[in-house]
Amino acid sequence: MTLPAPGAEATARLGELSRRLEEAAARLRAGDVEPEDAKRLAGECAELAADAAVELDRLARGEERDAAPGQEELL
């Protein structure tokens, strides 16, 4: 049984978040989005960017996404 490389989950998650951000940005750039849809897409982009920032932080710290309870570092 092969274990995933450290950070593999975070890297995969970042790839998915990046893909979703690019799709939303392309829709916004297309210019054929209704104002309410544009507002929703902009909010979705903000959420995706925040999620990506969390994953980047975890990756930089060398943490996996689903650490066992009590295993996270206290600041």
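Colleague: What covers the buried residues of H2?

Modeller: The cover includes H1. This is a predicted model, with two helices and zero strands. The buried residues of H1 in turn pack against H2, residues 35–61.

Colleague: Which residues are buried in each helix?

Modeller: In H1 they are Ala10, Leu14, Leu17 and Ala24. In H2 they are Leu41, Cys45, Leu48, Ala52 and Glu55. An α-helix has 3.6 residues a turn, so residues three or four places apart point the same way. Over the whole protein, 15% of the 75 residues count as buried.

Colleague: Why is leucine 28 called partly exposed?

Modeller: Buried needs a relative accessible area under 20%, and exposed needs over 50%. Leucine 28 has 33% relative accessibility, so it counts as partly exposed.

Colleague: Where is leucine 28, and what is it in contact with beyond its neighbours within four places in sequence?

Modeller: Leucine 28 is placed in helix H1. With those neighbours left aside, its contacts are Val33, Ala38, Leu41, Ala42 and Cys45. Of these, Leu41 and Cys45 are among the buried residues of H2. For Ala42, the C-alpha atoms of the pair lie 8.2 Å apart, with a sequence separation of 14 residues.

Colleague: What makes H1 roughly antiparallel to H2?

Modeller: The two axes cross at roughly 160° and come within 9 Å. Angles over 145 degrees count as roughly antiparallel, and therefore H1 is roughly antiparallel to H2. As for handedness, H1 passes H2 in a left-handed crossing.

Colleague: How do you know that the span of H2 agrees with its number of residues?

Modeller: H2 has 27 residues, which should span 39 Å at 1.5 Å a residue. Its end C-alpha atoms are 39 Å apart, so the two values agree.

Colleague: What span does H1 reach, and what is expected?

Modeller: H1, residues 8–30, has 23 residues and reaches 33 Å from first C-alpha to last. That is close to the expected 33 Å.

Colleague: What percentage of the contacts between residues at least 6 apart in sequence join residues at least 24 apart?

Modeller: The figure is 63%.

Notes: Residues are numbered from 1 along each chain as its sequence is written. This is a predicted model: local features need pLDDT of at least 70, side-chain atom pairs count only at pLDDT 80 or more; totals for chains, interfaces and linings use all residues. Side-chain values use heavy atoms; hydrogens and water are left out. The expected span of a helix is 1.5 Å times one less than its number of residues. Buried means under 20% relative accessible area, exposed over 50%, partly exposed in between (1.4 Å probe, protein chains only). Contact means heavy atoms within 4.5 Å. Axes are lines fitted to C-alpha atoms, for helices over the stretch in contact, and angles run from 0 to 180 degrees between N-to-C directions. Angles under 35 degrees count as roughly parallel, over 145 as roughly antiparallel, 65 to 115 as roughly perpendicular and the rest as oblique. A crossing is left-handed if the near helix is turned anticlockwise from the far one by less than a right angle, and right-handed if clockwise.
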